[in-house]
Amino acid sequence: MKNWAILSGIEGNIAAYEAVLADIKRQKKCVEDIYILGDFIGSRPESERVVQRIRSPKSNEPIPNICTGWWEEQCLILYGLGTTGEPTQLIEYYGADAVKLLWDSVSRQTVEWIRSLDFGFFELDCLLIHGSSVSVDDKLTPQTPPWKLCDRLMRIGANNLFCGRSGLTFEYELQGGSVSSQVTTLDSQQPVQTATVSPRRIIGVGNVGREPGKATYTLYDPDTNRVEFRTVRYGIGKGFQTY
């Protein structure tokens with residue numbers, strides 16, 4: 001089996017996306033699948049160019065597997081197609097001006113296409129998703145409490161959870177754990193139920209487009225379970241490095 005390239009957070013940055021695609025082609029081991037874990041659009045005018053580039057890969061490029069992220073959810077909300085009626089998070093994080101910028105950056109045709117996308121992917125023993133199985137806004141990091149990470153893994157039954165919401169590259173291993181729960185009603189208290197989780201991993205896949213001149217993404221080898229984080233520097237004085 002060949003490598004997977006796992007991306008998130010292009011955020012309408014076409015130059016960053018092209019730099020990552022170029023780096024993928026340089027790999028000694030061929031990349032068979034590309035996964036884009038949401039946030040491919042943003043408040044940049046180039047968002048439509050990114051969408052067209054993703055939907056029309058070149059003949060020597062894999063067809064990307066794409067799921068929705070936080071920016072896509074905010075876009076759907078603007079068009080009255082989201083889970084809430086107002087873009088409160090968008091305004092809270094980026095200000096009121098971001099509403100018009102996002103509206104102007106994405107066409108109605110693209111919005112309809114976004115509606116058709118998956119929430120995430122379950123491949124082999126891996127869940128690939130923007131946030132977590134709870135929501136696209138669920139930001140998992142190495143500082144997230146272990147009980148919460150354990151809960152997210154137990155919900156899905158995956159050995160590897162790849163996520164992009166934090167924008168960080170990290171590999172967090174849970175050697176094992178358990179979560180206890182109890183239901184209390186007005187009439188009685190149910191017995192405590194305890195569920196255990198075997199050793200599993202949560203991997204932050206990085207962010208392609210947020211930081212000018214620097215894109216991060218992840219390579220994964222399903223045969224060996226090896227994760228490799230890539231940093232691609234593009235623009236003036238560009239270079240490539242692995243860490």
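The following legends describe close-up views of a predicted model.

**Figure 1. Overview of the chain.**
The predicted chain has 243 residues, and 48% of them are buried. Its secondary structure consists of seven helices and 13 strands. Among contacts with a separation of 6 or more, 70% are between residues 24 or more positions apart.

**Figure 2. Helix α1 beside helix α2.**
Helix α1 covers residues 14-25 and helix α2 covers residues 47-55. Their axes come within 9 Å and cross at roughly 25 degrees. Angles under 35 degrees count as roughly parallel, so α1 and α2 are roughly parallel to each other. On the α1 side the contact is formed by I14, Y17, E18 and L21, and on the α2 side by R49, V50, R53 and I54. By residue type, this contact of α1 with α2 has five nonpolar, no polar and three charged members.

**Figure 3. Two residues in the loop between β1 and α1.**
S8 is in the loop that links β1 (3-7) to α1. With a relative accessible area of 0%, S8 is buried. The side chain of S8 is joined to that of H130 by a polar contact of 3.5 Å. Not counting residues up to four places away in sequence, S8 touches L37, G38, H130, G164, V205, G206, N207 and V208. E11 also has its place in the loop between β1 and α1. E11 is not a glycine, but its phi is positive, at about 55 degrees. The relative accessible area of E11 is 7%, under the 20% limit for a buried residue, so E11 is buried.

**Figure 4. L124 in the loop between two strands.**
L124 is found in the loop between β4 (120-123) and β5 (126-129). Its phi is near 55 degrees, a positive value in a residue other than glycine. Residues with over 50% relative accessible area count as exposed, and L124 is therefore exposed at 56% relative accessibility.

**Figure 5. Helix α3 and the helices that pack against it.**
Helix α3 (residues 70-78) is mostly covered, with eight of its nine residues buried. These buried residues are W70, W71, E72, Q74, C75, L76, I77 and L78. They pack against three helices, α4 (88-94), α5 (97-105) and α6 (108-115). Just after α3 comes G80, with a positive phi of about 70 degrees.

**Figure 6. The crossing of helices α3 and α5.**
The axes of α3 and α5 come within 10 Å, with a crossing angle of roughly 90 degrees. Angles of 65 to 115 degrees count as roughly perpendicular, so α3 and α5 are roughly perpendicular to each other. From α3, the contact includes W71, Q74, C75 and L78, and from α5 it includes V99, L102 and W103. The residues in the contact of α3 with α5 comprise six nonpolar, one polar and no charged.

**Figure 7. P64 and its contacts from elsewhere in the sequence.**
P64 is in the loop between α2 and β3 (65-67). It is buried, with a relative accessible area of 9%. P64 and I34 are 30 residues apart along the chain, and their C-alpha atoms are separated by 4.8 Å. Apart from its neighbours within four places in sequence, P64 is in contact with Y17, I34, I36, I54 and P57. Y17 and I54 also take part in the contact between α1 and α2.

**Figure 8. I202 in strand β10.**
I202 is part of strand β10, which covers residues 200-205. The relative accessibility of I202 is 1%, and I202 counts as buried. Between the C-alpha atoms of I202 and Y172 there are 5.2 Å, while the two residues are 30 residues apart along the chain. With neighbours within four places in sequence left aside, the contacts of I202 are L140, L149, L153, L161, C163, F170, E171 and Y172.

Methods:
Residues numbered from 1 in each chain as written. Predicted model: local features only at pLDDT ≥ 70, side-chain atom pairs only at ≥ 80, totals over all residues. Heavy atoms only, no water. Axes fitted to C-alpha atoms, helices over the stretch in contact; angles between N-to-C directions. Helix = DSSP H or I, 4+ residues; strand = E, 2+ residues; numbered from the N terminus. Parallel < 35°, antiparallel > 145°, perpendicular 65-115°, else oblique. Contact = heavy atoms within 4.5 Å. Nonpolar A, V, L, I, M, F, W, Y, C, P; charged D, E, K, R; others polar. Buried < 20%, exposed > 50% of the residue type's maximum accessible area, 1.4 Å probe, protein only. Polar contact = N/O pair within 3.5 Å; in protein donor to acceptor, adjacent residues only side chain to side chain.
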